[in-house]
Amino acid sequence: MNILIIYAHPNHTGFSAGVLQTVRENLSSQHQVNVLDLYQENFDPALVFNEQLRRRELAASEETKKYRELLAWSEQLVFIFPIWWSGMPAILKGFIDRVFAKGFAYEYKGLLPVGLLKGRKAWIITSHDTPKPYARFFQQDYGRVLKRQVLGMCGIKPVKLTEIAYLRGSTAEKREKYLRKLAKMSQAL
């Protein structure tokens, strides 16, 4: 299976980096794996429209062509990112704005969107500092927007969401337990 890991965290020594390493090391060697580290790529998240680039032309933009090719190549997407201010990092949001473009990731038939990235699955792994009950009942996003409004609209399913809650209140032992669980989940892909 062709697996594309999309990683969005600027610290390459913290817990999210440990998640990336754990997932990567525990995927079967039978898989073809590409890691897209948005910070290492220096991905420009700013969506700009002007005389040279119009919104309707995003699906053909040369600047994002290699990312569209990676998405087209993939059969399984794995997103690894922290939740900041109840949502994904700006660099990941900008990646979605610029790469998951109409005409590539979705189109409209009448009033309804039709996903063009069918046949792919996704796994979203997020971490945050909010206690789980508060995040579940009082926060809007925490990875759910990516799952439902973005990936679902683009035809990607099933989408599994793994939330690592209240990271700042966890012990080193608890973090190791999270990583062991992610290792087993990765082996099952």
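Q: Why is E63 called exposed rather than buried?

A: In this predicted model, E63 has a relative accessible area of 53%, and because exposed means over 50%, buried under 20% and partly exposed in between, with a 1.4 Å probe and protein chains only, E63 counts as exposed. Residues are numbered from 1 along each chain as its sequence is written, and side-chain values use heavy atoms, with hydrogens and water left out. Local features need pLDDT of at least 70 and side-chain atom pairs count only at pLDDT 80 or more, while totals for chains, interfaces and linings use all residues.

Q: What makes the pair R98 and E63 a salt bridge?

A: The term requires a side-chain nitrogen of Lys or Arg within 4 Å of a carboxyl oxygen of Asp or Glu, and the side chains of R98 and E63 meet at 3.2 Å, N to O, so the pair meets the definition. R98 lies in helix 3 and E63 in the loop between strand 2 (32–37) and helix 2, so the bridge ties together parts that are 35 residues apart in sequence. Helices (H or I, at least four residues) and strands (E, at least two) are DSSP runs, numbered from the N terminus.

Q: What makes the largest nonpolar core a core, and which of its residues touch the most other members?

A: A nonpolar core is a set of buried Ala, Val, Leu, Ile, Met, Phe, Trp, Tyr and Cys residues joined through side-chain atoms within 4.5 Å; the largest has 31 residues, of which I6, F79, L92, F95, F100 and L151 touch the most other members. Helix 3 gives the most to this core, with five residues. Apart from it lies another core, of 19 residues, among them F15, V19, I125 and L167. With contact meaning heavy atoms within 4.5 Å, F100 is in contact with residues including L71, F79, Y106 and V150, neighbours within four places in sequence being left aside.

Q: Which residues lie nearest the centre of the largest pocket?

A: I96, D97, F100, Y106 and V150 lie nearest the centre of the largest pocket, which is lined by 17 residues. On a 1 Å grid over the protein atoms alone, where a 1.4 Å probe is used, a pocket is an open set of points with protein on both sides within 12 Å along at least five of seven lines, and lining residues have an atom within 4 Å of a point. Helix 3 (90–99) and helix 5 (144–152) each supply at least two residues of the lining.

Q: Why does S186 count as buried?

A: S186 has 0% relative accessibility, and therefore counts as buried. S186 is found in helix 6 (residues 172–187), and, neighbours within four places in sequence aside, is in contact with T22, V23, N26, L27 and W123.
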